[in-house]
Amino acid sequence: ELAKLLGIPAATVELASRRGRKGIVAQNFVSNDASLVLGNELLSARDPDYPQDQQVNNTAGYTVDAIRGALSPYEGPEGGQMPTAESAFDWFSGYLVFDAWINNTDRHHMNWGVIDPRNALAPSFDHGSSLAFGETDERKNRLLSDGNAAIRRWLDRGRTRSFQGMPSMVEVAVTSLSLCSPPNRTQWLERLENVSDTDVRAVVDQLPETGPAGLVVSEASRRLCEAILRINRERLLDGAATH
């Protein structure tokens, strides 16, 4: 739902439960006459020495520039709209902006790909490692009580282990925007700037508090999600302005 606010094509995912266990149900975005080719395959096709089986811990050669090269033969995702000719990388730059906004640190080289034989970037998928998913409610409440400065310090310490050098996701996103075509770079920043706190609250408030399998989203989770999205929006816009 947050991806829609930025105009990011994303996998359709709904909350679900089965036999008392919480989970999700995701719609398959690959039709029967097509296949998903993952990023590690694309990168290793360009560089035979690329460590395609390594997903985390400072993957050598996994850089924004390498992704740009791997995506150069491909087009943007089906159904997406951008102001100029839509290269796959210009769209992927938007995916990285989205990652930085939601604090998704898990965009490793098997968490994106292209649809073959359509030669188009796949929708964004697998956003589970985001929005403080691994923190307890006790920790979330403590961050909230300590205020925005404490939350920002906590976010500043965050790193993505997948990319070479383990930079922050804001650094990854800002680097990608610097390599994006100028009209589309402007478009991603304008879309991000135009997302309001009211827009975010409307998405968060759609989440049920409880379901058949018990608690779904606590109040601490809701409020910290809103704070993360507000602060990361500022971090991204500030980073892009000074890069």
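How many disulfides does the count come to in this structure? Under the rule that a disulfide is a pair of cysteine sulfur atoms within 2.5 Å, the count comes to 0 disulfides. The model is predicted, with local features needing pLDDT of at least 70 and side-chain atom pairs counting only at pLDDT 80 or more, while totals for chains, interfaces and linings use all residues. Residues are numbered from 1 along each chain as its sequence is written, and side-chain values use heavy atoms, with hydrogens and water left out.

Cys180 counts as buried because its relative accessibility is 6%, where buried means under 20% relative accessible area, exposed over 50% and partly exposed in between (1.4 Å probe, protein chains only). Cys225, with a relative accessible area of 16%, is likewise buried. Phe133, by contrast, is exposed, its relative accessible area being 57%; Phe133 is placed in the loop between strand 5 (120–121) and helix 5 (137–146). The C-alpha atom of Phe133 is separated by 10 Å from that of Leu224, which stands 91 residues apart from Phe133 along the chain.

A cavity is taken as a set of points, on a 1 Å grid over the protein atoms alone, where a 1.4 Å probe fits but cannot get out, and its lining residues have an atom within 4 Å of a point. The count comes to 1 cavity of 30 Å³ or more, and the largest cavity holds about 70 Å³ of space. Its lining includes Ala100, Asn103, Leu155, Arg159, Met169 and Arg235, and the lining residues divide into 4 nonpolar, 5 polar and 2 charged.

Terms used: 1 Å grid on protein atoms, 1.4 Å probe; cavity = no way out; pocket = protein on both sides within 12 Å on 5 of 7 lines; lining within 4 Å. Points joined across faces, edges and corners; volume = space filled by probe spheres on them. Nonpolar A, V, L, I, M, F, W, Y, C, P; charged D, E, K, R; others polar. Helix = DSSP H or I, 4+ residues; strand = E, 2+ residues; numbered from the N terminus.
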